[in-house]
Amino acid sequence: MGLDKSIRYIKGVGEKRAALFEKKGIKTVEELLYFFPRSHEDRSKIKPIDKCVDGETVCIAATVYQLPLDRYVRRGMLITNMSVMDDSGVMQLVWYNNKYVKKNFTSMDKYVFFGKVSRAKNGRIQMVAPVYEKYGNERFTGKIIPIYPLTANLSQKVVQSAMELAINEAGRLAEYIPEHIREQYKIAELNFAMRNIHFPSDFASYNIARERFVFEELLILQLALHERRGENADTPGYVFKDIKCVREFTDALPFELTGAQKRTINEICRDCKSGRQMNRLIQGDVGSGKTAVAAAAIYMAVKNGYQAALMAPTEILADQHMESLSAMFESHGIHAVRLTGSMRAKEKRAALEETALGTARVVIGTHAIIQGTVEFKNLGFVVADEQHRFGVEQRAKLMAKGNNPHMLIMSATPIPRTLALILYGDLDISVIDELPPGRKPVKTYAVGGNMRKRIYDFIYKNIKTGMQAYVVCPLVAETENSDLENAEELAKRLSEAYTDIRVGLMHGKMKARDKDAVMAGFVSGEINLLVATTVIEVGVNVPNANIMVIENAERFGLSQLHQLRGRIGRGGEQAHCILVTDAENEITQKRMETMRASNDGFYISEQDLKLRGPGDFFGTRQHGLPEMKIANLFEDRDILRLSQKAAKEIIDDGPDNYPMLMERCRKLLSDDVIMN
Ligand code: ADP
Ligand code: MG
């Protein structure tokens, strides 16, 4: 059977079930094969009945000596009992509300049963709702059986059966990882791995199989990222002859730079005189002072005769940068202009003209900077703030405004070093891992919904003393089948409950202009309490806001919670962040505890990686990675390192020498967006 064939030709699948598979993204035999189990059940050992221990899950092989008997008990509940025996003893099998089960057995025939055993005091041994099949040609017992991550309507048995047939009928799969790589990295061959990831002969074989697919997934990911990036490692760049001048700027700052800020500025200076174009990422926690570093670098660029541009993801952020930086620049005799979408035509025309003529030495703005109409005279240095809001394409457009200008990218989403090396393999990375002195860490609490009244009363009291607060909700508006908080309704409820304060509402479905108006109202203090979705995530600074409530906190990634929390605690007052959640599962508890205990963005993102299983790692989407099917970026970091090495070797050797692997890579990622 060809790999591209529809799964509906597999025996036992058919049209109807194929539609159910399709909901899981599985249409072809190949897609089915790459649908990996979430765990396995060891049904390999058959035990005599009298050796079965209370509570254990086992297989028995036994003969039916009393056919199923139905019994109706209260409220029409149906209990079906059947007795079976082997050479050693007798066992009762029990099913609840299963009308059909009795049709499946013949008296004195032998079956294999798999299930959890319980032993009563009187010696009666019982198994409830076991898996069963005829003895002699077992398919689902007598071995280790895969358990798939399924949703309703598709049963394990159907998938297990289809999978077994698919593996047997697909024939020999063409291996795409060359032998010398597999030997060097001790990676299992594809056919062995495919059989053993689903139907392992033992758990050691399963582990070997899994390692192969983890390695493969991470290898392909890195090759794909490399493909997208293209080669830009050794582009020549402008040489900034005078780098010492940066001191003139930093000495004039009203504060002493932190050690991490100084180190980062030194790294930038070194890049800019090297003759190579700089591509540097600054990773720094919220509030670590990235802007001052960028400003110093911009100063240096201008002093060396170039124009510089700073692009921010929102108007408000651009305005804040403009406000805090332009005065500083002007005091050094450097003219800065603003360039945003909402500017009046006349004002914009003037800014464009100054930019083209070169009288504007610094341009601070939004996406408006990369529009076609914008021309620079000699752009030599560009900064992208809050990079996770920009796509590669936008960064490329910004670069294209000059002739290979130096590029500085700033990110407030710290991620573990191992991951950063993959995601930003083409960038040099500076880490600002130190906050300016005197910051009071935000106090964080995790509480249940029953505390809500007290929380909002506390906020109200604070607002009455002149403070401001944020409330963050996971949803914009009310939706069916969801009891998550939504911003619209909560804003309404709060403004009705507290009539003498002004409640604002902001979410992603609003027009940019309306959002900006609300935010401006909050910045100016006109709005006391801002109810919003995660649109407030990005680096806006409202020093007067010192309380944040996050509703349904379990719905957010840890790094996202940390980002949100970074919006408060920017003034001198003690800030409070209250995480509201009614989710009681262990993972949520651990995640809330992490937030409560730490203010360190790097630590938090690492915990996030650890606490989330493979597949749903929060940041892969946020960071533009395709979803991991099998690899866990935290637990598999050893394999990650190996695959990194292998990827580098393949790239150095020339990807063209690996046509099958590269084809697989393109096939898998063709419709996945990478690096956004
Ligand atoms: P972020 O890294 O989140 O972009 P900002 O650059 O906005 O942080 O800086 C946050 C605040 O800290 C600003 O008000 C800035 O003036 C201030 N700041 C930056 N560096 C220092 C420093 N070394 N000492 C004291 N305050 C600083
Ligand atoms: Mg910032």
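## The shell around ligand 1

The residues of the shell around ligand 1 fall into 4 nonpolar, 6 polar and 5 charged. The shell holds 15 residues, and the closest are Q261, G287, K290, T291 and R439. The model described here is predicted.

Polar atoms of the protein meet ligand 1 at several places. A side-chain N or O atom of T291 is 2.7 Å from an oxygen atom of ligand 1. A polar backbone atom of E256 lies 2.9 Å from a nitrogen atom of ligand 1. S288 also takes part through its backbone: one of its N or O atoms there is 3.4 Å from an oxygen atom of ligand 1. On its own, ligand 1 exposes 560 Å², and the protein buries 76% of that.

E175 sits in the loop between α3 (156-169) and α4 (179-185). Is this residue buried or exposed? E175 is buried, with a relative accessible area of 17%.

The side chain of E175 has polar partners. One of its polar atoms lies 2.9 Å from the backbone nitrogen of I177. The side chain of E175 also makes a polar contact, at 3.2 Å, with the side chain of R182. Setting aside residues up to four places away in sequence, E175 touches R182, A188, E189, L190, R212 and M660.

## Helix α5

Helix α5 spans residues 190-198 and is mostly covered. Of its 9 residues, 7 are buried. These are L190, N191, A193, M194, N196, I197 and H198.

## N304 in its loop

N304 belongs to the loop between α9 (290-303) and β10 (307-311). N304 is buried, with a relative accessible area of 19%.

Which residues does N304 contact, leaving aside its neighbours within four places in sequence? They are F240, K241, D242 and C245. With D242 there is a polar pairing: a polar atom of the N304 side chain lies 2.8 Å from the backbone oxygen of D242.

## Two positive phi angles

Most residues other than glycine have a negative phi. M108 has a positive one, near 65°, and is not a glycine. M108 lies in the loop between β4 (90-96) and β5 (110-119). M108 is exposed, with a relative accessible area of 52%.

K186 is another case. Its phi is near 55°, again positive in a residue other than glycine. K186 is placed in the loop between α4 and α5. K186 is exposed, with a relative accessible area of 71%.

## Cysteines

How many disulfides are there? The count comes to 0. A disulfide needs two cysteine sulfur atoms within 2.5 Å. For C269, the closest cysteine sulfur is that of C272, and it is 7.0 Å away, so the gap is too far for a bond.

C269 is buried, with a relative accessible area of 6%. C665 is buried as well, with a relative accessible area of 1%.

Notes. Residues numbered from 1 in each chain as written. Chains lettered and ligands numbered in written order. Predicted model: local features only at pLDDT ≥ 70, side-chain atom pairs only at ≥ 80, totals over all residues. Heavy atoms only, no water. Buried < 20%, exposed > 50% of the residue type's maximum accessible area, 1.4 Å probe, protein only. Helix = DSSP H or I, 4+ residues; strand = E, 2+ residues; numbered from the N terminus. Contact = heavy atoms within 4.5 Å. Polar contact = N/O pair within 3.5 Å; in protein donor to acceptor, adjacent residues only side chain to side chain. Near = heavy atom within 4 Å. Areas by Shrake-Rupley, 256 points an atom, 1.4 Å probe, with all protein chains shown as cover. Nonpolar A, V, L, I, M, F, W, Y, C, P; charged D, E, K, R; others polar.
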